[in-house]
Amino acid sequence: MMPKPMSDLHENLTRRIDDQITALVALTQDLIRFPTINPPGEDYTPCAEYLGQRLKRAGFQVNYFRGEGTPGDSDQYPRTNVIARYEGRGPGPTVHFNSHIDVVEVGHDWTMDPFAAIVRDGRVYGRGACDMKGGLAASIIAAEAYIAANPDFYGAIEISGTVDEESGGYGGVAYLAEKGLFSKPRVDHVIIPEPLNKDRICLGHRGVWWAEIETLGVQAHGSMPFLGDCAVRHMGAVLSAFEDQLYPLLASKQTQMPVVPEGAKKSTMNINSIHGGNEESHEGFPSANVPESCRMVIDRRYLLEEDLATVKSEVIAVLDGLKDNRQNFDYAIRDMWDVLPTMTERDAPVVQAVAGAIEEVLHKKPDYVISPGTYDQKHIARIGHLHDCIAYGPGILDLAHRADEYVVIDDMVESAKVMAFAIHQLLTGAK
Ligand SMILES: [Zn+2]
């Protein structure tokens, strides 16, 4: 694609962001050094306060919101969110960048300190570098560059650092959306800088249904299992019925949604856990028991073309089939949570603005994608009733939640430029 000449403002923004690369890297490193591991929700308050102080210095009004009473909230682990708002010189639209500050646990296979924020080969390494402190830092540099380059703008720019995205977002975006902080007229356009790659626009995500299935048996001494009824064996029958009946059905469903990676274009179901029989948390030998209960947690991800009632009925049909055909088989099923699939329209203003900016910065058309898993867009759409929302940010999706996670510095710089150009279009309508 032939680059078209840049406007003076775009040139100005480009220059300012290129001048801020050192600051962008330092900001990313500072953010990584708060080990905001969730669960339990470590270091949320210092990380939120760091962001608040930084944005206050840049002229933002800063407010903190504790997700009081939300899952995991306690005095030891307060769910501290921060929202910073920069008012332009008069009324106009508000562009909001929302990033989660929590990161997932580290695991054991890192080759370096995950919270040292080491810079090597043009990358910043660390837990959360990719998902999503690099994106958060890029959005701050973009907003600051925009305010400096065009101080007389109308409207407002908001930046939030929110908690608990990795555990459902209830103490973070859901809590704030309930308070009206992600709705019109306060907010018009939302960009979530999740790591979807600098040239991709993420329009939404697949749906989710989690449920717990329990098979029921009868206790007895383990030396005489014929006197009882083993719930674990019944669960084995559930597993093989899933293999024979359910998985082929799921694999046959193909979506028209542009889900990435390719494997997620089909319906999927993970078996998240199975527990049956004695607790194994103690030292020494277990006692000899026939288990009377076995529990399985399933994580079913479904497509825009499917509806939740059908998704549930497919699983229940398999279980009912066993009840009809397998001696003494009985089960219980409990819903744990669900999320409807969501997809922002391609002609929505935020999609158009970011698409145009990607073309100008990267000289290519954006790819439009749907995320295999959900993120905080669900709360913005469902609770905030705001549908002008996408995920766009630097970082390679496949690196999220993995050992030696990193973000490429050049990718952060380029997406900061995309974000800054998009702010201008969304605030003024001018390209
Ligand atoms: Zn994330």
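Tutor: Gladly; here are some questions and answers on the terms and the values behind them.

Tutor: Before we start, this is a predicted model, in which local features need pLDDT of at least 70 and side-chain atom pairs count only at pLDDT 80 or more, while totals for chains, interfaces and linings use all residues. Residues are numbered from 1 along each chain as its sequence is written.

Student: What makes the protein a case of domain 1 and domain 2?

Tutor: Domain bounds come from an automatic or database domain assignment. Here that gives domain 1 as 8-205 + 341-428 and domain 2 as 208-339. Their centres, taken over C-alpha atoms, are separated by 36 Å. Eight residues from domain 1 and eleven residues from domain 2 make the contact, where two residues are in contact if their C-beta atoms, placed from the backbone, lie within 7 Å. On the side of domain 1 that touches domain 2, the largest share is three residues from strand β16 (residues 367-371).

Student: How do you know which residues of α3 are buried?

Tutor: First, the names: helices (H or I, at least four residues) and strands (E, at least two) are DSSP runs, numbered from the N terminus. Next, the count: a residue is buried if 20 or more other C-beta atoms lie within 10 Å of its own, exposed if 12 or fewer, and partly exposed in between, with C-beta atoms placed from the backbone. By that rule Y44, C47, A48, L51, R54 and L55 are the buried residues of α3. On the other side of α3, P46, Q53, K56 and R57 are exposed.

Student: Why are the buried residues of α3 said to line one face of the helix?

Tutor: The arc is that of the directions from the helix axis to the C-beta atoms. Seen down the axis of α3, the buried residues fall within an arc of 125°, so they line one face. Their cover includes α2 (21-32), β1 (61-66), β2 (80-87) and β6 (156-162).

Student: What makes the span of α3 close to the expected one?

Tutor: The expected span of a helix is 1.5 Å times one less than its number of residues. Helix α3 (residues 44-57) has 14 residues, and the 20 Å from its first C-alpha to its last is close to the 20 Å expected. Just after α3, G59 has a positive phi of about 95°.

Student: Why is β6 called largely enclosed?

Tutor: Seven of the seven residues of β6 are buried, so the rest of the structure largely encloses this strand. A156, E158, S160 and T162 point one way from β6, while I157, I159 and G161 point the other way.

Student: How do you know which strands pair with β6?

Tutor: Two strands pair if DSSP finds at least two bridges between them. β2 and β6 have six bridges in the antiparallel sense, with V82 opposite G161. Strand β3 (residues 94-100) and β6 have seven bridges in the parallel sense, and N98 has S160 as its bridge partner in β6.

Student: Why does G122 count as exposed?

Tutor: G122 has 11 C-beta neighbours inside 10 Å, so it falls under the exposed cut-off. G122 lies in the loop between β4 and β5. Leaving aside its neighbours within four places in sequence, G122 is in contact with V408, I409 and D410. G122 and V407 are 285 residues apart in sequence, yet 8.7 Å apart in space, C-alpha to C-alpha.
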